[in-house]
Amino acid sequence: MPLTTYDELGSAVQKSAGTIREDLMDWIENVSPTDTPLFNNLSQIKVNSGFPEYLEDTLTAAAVNAYVEAAAATDPTLATPTRSASIVQNFQHHWQVSKRQVAVRHAGFSSADAYQELKAAKRWKRDVELALHRGSAVSGTNSVAPQFGGMLNRLSTNFTSSSGTTLTEKVYNDIVTLGFAFNLNYREVYANMQVKRTISGFSTNVQRFIPAGDKKQLNVIDVYESEQGLQAIFKSRDQLQAASVGAQGNSWIAIDPDRFNVGVLRPVSTFELGLDGDRVRHYMVGELTLIVRTEKGGAGATGHVALIT
């Protein structure tokens with residue numbers, strides 16, 4: 001009987017004995033999400049403390065203004081600006097690699113240490129993105145890590161806590177047009193996939209003409225124009241999403257990006273720790289916060305039901 005590869009392989013798995021070399025491809029496939037649209041889109045500014053503060057003021061409403069000739073000046077009550085604040089959060093990732101891991105040859109990467117740093121950087125950005133959307137403010141103590149409040153917990157005036165309201169086109173427009181009461185331009189919307197599909201299905205007066213020969217159907221809206229102006233629609237993995245289509249629990253936000261910043265106390269950096277054995281140790285750290293110049297700069301809702309047909 002001739003010698004065949006199956007004498008060394010069984011069920012396509014190499015046995016402990018044999019001479020056939022492994023054919024391990026020189027790449028690593030990783031489909032874990034790495035997108036961070038809100039973090040990427042917000043401008044960054046420098047902050048110089050763990051509790052940066054900023055001022056907000058208002059004007060009195062327009063009123064009839066007419067005085068008789070030679071009227072005496074009055075002494076009106078004047079208002080001073082109010083303070084708001086953000087809490088700086090310390091984001092870290094750590095990794096340790098044995099020096100043998102550094103020395104041996106690997107498939108998919110040349111350095112085990114550098115590969116772990118690359119993964120840590122991607123995770124670090126995703127953690128920041130999550131905090132920008134969902135973070136809950138914690139002032140912090142010596143034993144409790146401080147955390148900043150994200151959009152869903154900082155917005156209030158034009159933000160609705162719904163209980164099962166279906167997100168129709170009218171409901172959407174009722175919310176985004178709330179900004180007209182202020183000098184705001186809500187031009188970015190961050191929505192989960194269910195809400196994004198709902199917005200794409202709004203029955204506007206837009207006609208979509210596609211040549212029949214293309215054999216293509218489109219059902220996507222990336223820019224929506226309302227009475228409040230243009231809104232770019234961004235898919236977000238970190239807005240709340242209902243357990244199923246037709247269930248309540250979806251959230252979305254519409255923001256004027258001029259009213260928000262990522263405040264940077266310390267930009268992300270990687271440091272090598274001292275040797276304590278036959279291994280290399282690193283940690284990645286950056287300290288950031290969400291600057292909310294005015295919470296009125298964002299609108300949106302939680303608890304909505306997606307309308308997908």
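**A friendly note on this predicted model**

1. Let's start with a pair of strands. Strand 4 (residues 53-56) and strand 5 (residues 82-85) pair in the antiparallel sense over 4 bridges. Strands here are DSSP runs of E with at least two residues, helices are runs of H or I with at least four, and both are numbered from the N terminus. Two strands pair if DSSP finds at least two bridges between them. Across this pairing, L55 stands opposite R83 in strand 5.

2. Before going on, a word on the numbers. The model is predicted, so local features need pLDDT of at least 70 and side-chain atom pairs count only at pLDDT 80 or more, while totals for chains, interfaces and linings use all residues. Residues are numbered from 1 along each chain as its sequence is written, and side-chain values use heavy atoms, leaving out hydrogens and water.

3. Look at the two faces of strand 4. Y54 and E56 are on its covered face, whereas E53 and L55 are on the uncovered one. In a regular strand the side chains alternate between the two faces of the sheet.

4. Next, the sheet with strand order 7-14-11-8-10-9: it is open, has 6 strands and is mixed in its pairing. Strand 7 (158-161) and strand 9 (223-226) stand at the edges with a single partner strand each, so one side of each has no neighbour in the sheet. Strand 9 runs antiparallel to strand 10, joined by 4 bridges, and E225 stands opposite L230 in strand 10.

5. Now find the largest nonpolar core, which has 34 residues. Such a core is a set of buried Ala, Val, Leu, Ile, Met, Phe, Trp, Tyr and Cys residues joined through side-chain atoms within 4.5 Å. Buried means under 20% relative accessible area, exposed over 50%, and partly exposed in between (1.4 Å probe, protein chains only). L42, L132, M151, I253, I255 and L288 touch the most other members. Helix 3 (112-134) is among the elements giving two or more residues, and its 7 residues are the largest share. Apart from this core lies another, of 19 residues, including Y172 and Y186.

6. Finally, visit helix 6 (residues 193-200). Because 6 of its 8 residues are buried, helix 6 is largely enclosed by the rest of the structure. The buried ones are Q194, V195, K196, T198, I199 and S200. They pack against helix 5 (169-176), strand 8 (188-191), strand 10 (229-235) and strand 11, where contact means heavy atoms within 4.5 Å.
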